[in-house]
Amino acid sequence: MNPDSNPVLQAIDFGMEVEAFMQSEIGRYVAKRAESEVEAAVESLKVVDPKDAEAVRGLQNTIKVAESVLYWLGDAIQTGLNAQAELHEQSKEP
């Protein structure tokens with residue numbers, strides 16, 4: 001079976017690559033930076049003038065973007081794990 005043509009194997013491979021990236025110095029930096037941006041924006045939301053809609057939207061956008069990065073990376077890892085489980089179940093079938 002050619003792993004390049006099998007979507008399950010591709011998902012497993014990609015998930016493993018993302019997981020390795022997240023364990024690398026660069027991956028840890030990206031995650032820490034995203035988490036720091038969320039924390040800083042939340043703190044700023046606590047004191048921003050609620051009538052300043054542009055500032056509120058800007059902080060909300062900062063939070064959304066940073067959380068999205070973490071979500072996308074986590075989702076890729078989870079998709080790989082799900083593909084591994086699927087492959088394991090397929091191997092049990094007669």
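1. Let's start with one side chain: that of Ser 68 reaches the backbone oxygen of Lys 64 at 2.8 Å. Ser 68 sits in helix α3. With 18% relative accessibility, Ser 68 counts as buried (buried is under 20% relative accessible area, exposed is over 50%, and partly exposed is in between, using a 1.4 Å probe and protein chains only).

2. Before going on, some ground rules. This is a predicted model, where local features need pLDDT of at least 70 and side-chain atom pairs count only at pLDDT 80 or more, while totals for chains, interfaces and linings use all residues. Residues are numbered from 1 along each chain as its sequence is written, and side-chain values use heavy atoms, with hydrogens and water left out.

3. Now the α1 and α2 pair. Helix α1 covers residues 7-23, helix α2 covers residues 25-47, and they pack at an angle of about 80° with their axes 4 Å apart. That makes α1 roughly perpendicular to α2. Helices (H or I, at least four residues) and strands (E, at least two) are DSSP runs, numbered from the N terminus. Axes are lines fitted to C-alpha atoms, for helices over the stretch in contact, and angles run from 0 to 180 degrees between N-to-C directions. Angles under 35 degrees count as roughly parallel, over 145 as roughly antiparallel, 65 to 115 as roughly perpendicular and the rest as oblique.

4. Who touches whom here? On the α1 side you'll find Phe 21, Met 22 and Gln 23, and they meet α2 residues including Glu 25, Ile 26 and Val 30. Contact means heavy atoms within 4.5 Å. Sorted by class, this contact of α1 with α2 has five nonpolar, two polar and two charged residues. For the classes, Ala, Val, Leu, Ile, Met, Phe, Trp, Tyr, Cys and Pro count as nonpolar, Asp, Glu, Lys and Arg as charged, and the others, Gly among them, as polar.

5. Next, α2 against helix α3 (residues 53-92): the angle is about 155° and the axes are 9 Å apart. That makes α2 roughly antiparallel to α3. The crossing of α2 past α3 is left-handed, a label used if the near helix is turned anticlockwise from the far one by less than a right angle (right-handed if clockwise). Among the α2 residues that meet α3 are Val 30, Ala 34, Val 38 and Leu 45, and among their α3 partners are Val 56, Leu 59, Ile 63 and Leu 70. By class, the contact of α2 with α3 has 13 nonpolar, two polar and three charged residues.

6. Is Glu 37 buried or partly exposed? Glu 37 is partly exposed, with a relative accessible area of 35%. Leaving aside neighbours within four places in sequence, Glu 37 is in contact with Thr 62 and Ala 66. Glu 89, on the other hand, is 52 residues from Glu 37 in sequence and 40 Å from it in space, C-alpha to C-alpha.

7. That leaves α1 and α3. Their axes come within 7 Å and cross at roughly 135°, and α1 and α3 are therefore oblique to each other. α1 also passes α3 in a left-handed crossing. Leu 9, Ile 12, Met 16 and Met 22 are among the α1 residues that meet α3, where the partners include Leu 73, Ile 77, Ala 83 and Leu 87. The residues in this contact of α1 with α3 divide into 13 nonpolar, four polar and two charged.

8. Last, Gln 84 in helix α3. Gln 84 is partly exposed, at 34% relative accessible area. Apart from neighbours within four places in sequence, Gln 84 is in contact with Ile 12 and Met 16. Gln 84 and Leu 9 are 75 residues apart along the chain, yet their C-alpha atoms are separated by 8.0 Å.

Technical notes
A polar contact is a pair of N or O atoms within 3.5 Å; within protein, one must be able to donate a hydrogen and the other to accept it, and residues adjacent in sequence count only if both atoms are side-chain atoms.
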